[in-house]
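The entries below follow the order in which I looked things up.

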Amino acid sequence: MNYIGSKKKLLKFIEYSILDTAGDIKNYTFCDLFAGTGTVAKQFKTLCHSVITNDIEYYSYIINRNIIGISEIMECEHLIDELNQLKGIDGFIYNNYCMGSNSKRNYFTDKNGRKIDAIRVKIKEWKNDSRITENQYYHLLASLLESVDKVANVASVYGAFLKKIKKSASNEIKLKSIQPISNNKKCIVYNKDANELIKNISGDILYLDPPYNARQYGANYHILNTIAKYDYFVPKGITGLRNYITSDYCRKNVVKDKFEDLIKNSKFQYIYLSYSNEGLMSLEEIENIMSKYGKYEKRTMKFYPRFKADKNREYTAETTTEYLHILKKEY
Ligand SMILES: C[S@@+](CC[C@H](N)C(=O)[O-])C[C@H]1O[C@@H](n2cnc3c(N)ncnc32)[C@H](O)[C@@H]1O
């Protein structure tokens, strides 16, 4: 998934910096507290003894519950085939996010909208009838979210839809299995506010990748939450938004206090923070906060592409500098 702030391209830098500072991590517990698509947690699930992931957004929970929370190979091809063969139905997505229903929203072709509804309803039905296990439920739902993303008629995020159906959105949706990292590691996946969860967990390595500007993930990925929850609400405005969580990490006046609270309450020896130099907190503010709690150092990596809306509302890559702030906490 093309995700705002994804660390896919920074993974080697993060891995190298962590191994270089924390040493032998094979017996360590690694926590990815703002996990997003789970890119970083996935890597450390292969390197550490156990992994904890968390994200405040429900779609992220579903994605991580599959790739991190399940530790076996999922053999669900028969279920995936059955879902792919379903006939579309007029459900919540078709009625509210496709043109054919007169919703005036164009997030999916009518055919894909109806198919998404049919698949989502069937997954729910199978869960209610106990035809599938809990792991199979999360596996199928996470696979649906990833497949939906491939045919969404948006420039990159779901903040707005495109007027005309773009090429990739005109393809028929095909559910594809997204396999978990199946290495029998002990993993726990949470869907909580980071500052609340931190009071109740402990481990060795804490990786922090909070939002660094005012863009709210709940608004930019609202359709994924709607498909993941499949609840009833009245979509608002032209874009069909649902109510969403406003993260404190996207608010200039509170972010510093929240960040310090997080560092103070962390029961982890090594803490790593990914943060852009264009973020709401300045480099100096981060350094001042982290240095209060132990030995601090900073590493940098340049030329990381970031999202930028141009005048045609397309998203293009620009370069910026990414920082990894490192703290060896002293108690
Ligand atoms: C920069 S993204 C993480 C990207 C992730 N490392 C990846 O590679 O996909 C920041 C994440 O923080 C989550 N988030 C924002 N505020 C949060 C909070 N208060 N508690 C937990 N998660 C939060 C967002 O939902 C988003 O997924």
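My entries go from the whole chain to single residues.

**Basis.** I am working from a predicted model, in which local features need pLDDT of at least 70 and side-chain atom pairs count only at pLDDT 80 or more, while totals for chains, interfaces and linings use all residues. Residues are numbered from 1 along each chain as its sequence is written.

**Whole chain.** I counted 13 helices and 9 strands, taking helices (H or I, at least four residues) and strands (E, at least two) as DSSP runs numbered from the N terminus. For the overall size I compared the radius of gyration, taken over C-alpha atoms, with the globule rule of 2.2 Å times the number of residues to the power 0.38. A compact globule of 331 residues would come out near 20 Å, and the chain, at 20 Å, agrees. Along the principal axes, the C-alpha atoms fill a box of roughly 60 × 45 × 30 Å.

I then looked up burial, calling a residue buried if 20 or more other C-beta atoms, placed from the backbone, lie within 10 Å of its own, exposed if 12 or fewer, and partly exposed in between. Of the 331 residues, 42% count as buried. For contacts I required C-beta atoms, placed from the backbone, to lie within 7 Å; among contacts between residues at least 6 apart in sequence, 73% join residues at least 24 apart.

**Helix α6.** I checked the span of α6 (110-128) against the expected value, which is 1.5 Å times one less than the number of residues. The 19 residues of α6 should span 27 Å, and the end C-alpha atoms are 27 Å apart, which agrees. I noted that the buried residues of α6 are N112, G113, R114, K115, I116, D117, A118, I119, R120 and I123, and that their cover includes α4 (77-84), α5, α7 and α11 (222-229).

**Positive phi.** Most residues other than glycine have a negative phi, so I looked at two exceptions. N102, in the loop between α5 (92-97) and α6, has a phi near 70°; it counts as exposed because it has 8 C-beta neighbours inside 10 Å. S130, which follows α6, sits in the loop between α6 and α7 (134-151) with a positive phi of about 55°, and it too counts as exposed, with 8 C-beta neighbours inside 10 Å.

**Strand β9.** Which strands are joined to β9 by bridges? I required at least two DSSP bridges for a pair, and found β5 (residues 268-276) antiparallel to β9 (residues 321-329) over 7 bridges, while 9 bridges join β6 (residues 294-302) to β9, also in the antiparallel sense. In β9, K328 is the bridge partner of K295, and E322 stands opposite S276.

I stayed with S276, which belongs to β5 and counts as partly exposed because it has 17 C-beta neighbours inside 10 Å. Leaving aside neighbours within four places in sequence, S276 is in contact with Y212, T320 and E322. S276 and L324 are 48 residues apart in sequence and 8.8 Å apart in space, C-alpha to C-alpha.

**Ligand.** The ligand is surrounded by 24 residues, the closest being G5, F34, G36, A194 and S247. By class, I recorded 10 nonpolar, 8 polar and 6 charged residues in this shell, with Ala, Val, Leu, Ile, Met, Phe, Trp, Tyr, Cys and Pro as nonpolar, Asp, Glu, Lys and Arg as charged, and the others, Gly among them, as polar.

Technical notes: Near = placed C-beta within 6 Å. Contact = placed C-beta atoms within 7 Å.
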